[in-house]
Amino acid sequence: SDLSMSSTQPNPFEHLSQDPYAYGGEGFHDDYPFSNDRIDPQFAYRHLPHEAARGFVISVGSVGAALSLMTGRPEQVVVNIDRNPAVTKMANHILELIEHYGDDKDLIELVNRSLPAVYTTEEAYLRLGLEPHTMRNEFQREVENYSTYHWSVPQNLSAVAMTTRSGLVVPRTADIGNPAFQRDLSLISASVGPCTLLNLTNAHMYFDTPRQLRATLDGLPLAADATITFSINTTDPKSFQVCYASSKEAYFSAIRGEVGEQLAYL
């Protein structure tokens, strides 16, 4: 069956566990709940070949990246994951705002005004990235980095709001390589179709070896022609450039040499 679900049909991915530690979740000292990826003006993402009737999205990291990258794509369902529960909490907050105020022309300002109330003082204590002024800056950077692709742009917002209100965006705390997560995801995928878009941001930098990364991707229910989007280092140390690959082999070739690089900073 295809994934042209309506608001009257439950999203099967809602059955994924909401326990933040069931799928290998863990908090970090450096919490950055917004994307720092940049989109090249010539980004050909929307024009890549895809299977129009079926497929779902798996997106690692900020929900802003997930919503922005799927604009103009045929996939309706997105499973948005991050190992960090703080990122998932922000994802739920942003989705709630879009669901309730998706037609508001001042939605960006609403997001900015709401940020101080997202995390408790205890949650934010000594956690880089969770100060309200830092989050505002990071969110503004995300809007600028994604430009016309960002979910908040008027031509994208109505479709994004409809998807959100239909319950087709599922944020969860999970390590993408966690065996329990991969098992539960694959069980659902077996009945609804494969992942046709995998957004990995800079996840490859958190794997010790290429073999470990390859085993992780092999454990995901990917379509043979799934598009893989990923982020690589740029000259700006605070942001990454979004790239895409049309196969796992093309992805592995593109990130060769960067696997494990992030481990030096942890």
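Colleague: How many disulfides does the structure hold?

Modeller: Before I answer, please note that this is a predicted model, in which local features need pLDDT of at least 70 and side-chain atom pairs count only at pLDDT 80 or more, whereas totals for chains, interfaces and linings use all residues. Residues are numbered from 1 along each chain as its sequence is written, and side-chain values use heavy atoms, with hydrogens and water left out. A disulfide is a pair of cysteine sulfur atoms within 2.5 Å, and the structure holds zero of them.

Colleague: How many aromatic pairs does a search of the whole structure find?

Modeller: Rings of Phe, Tyr and Trp (its six-membered ring) pair if their centres lie within 6.5 Å, and planes under 30 degrees apart count as stacked, over 60 as edge-to-face and the rest as tilted. The search finds six such pairs. In one of them, Phe34 and Phe139 have ring centres 5.2 Å apart and planes at 50°, so this pair is tilted. Phe34 lies in the segment before strand S1 (37–38) and Phe139 in helix H5 (residues 132–146), so the pair ties together parts that are 105 residues apart in sequence. Helices (H or I, at least four residues) and strands (E, at least two) are DSSP runs, numbered from the N terminus.

Colleague: Is strand S3 enclosed or open, and which strands pair with S3?

Modeller: Six of the six residues of S3 (residues 77–82) are buried, so this strand is largely enclosed by the rest of the structure. Val77, Val79 and Ile81 point one way from S3, while Val78, Asn80 and Asp82 point the other way. Two strands pair if DSSP finds at least two bridges between them. S3 pairs in the parallel sense with strand S2 (residues 56–60) over five bridges, and also in the parallel sense with strand S4 (residues 169–173) over five bridges. Ile58 stands opposite Val79, and Asp82 stands opposite Thr173 in S4.

Methods:
Buried means under 20% relative accessible area, exposed over 50%, partly exposed in between (1.4 Å probe, protein chains only).
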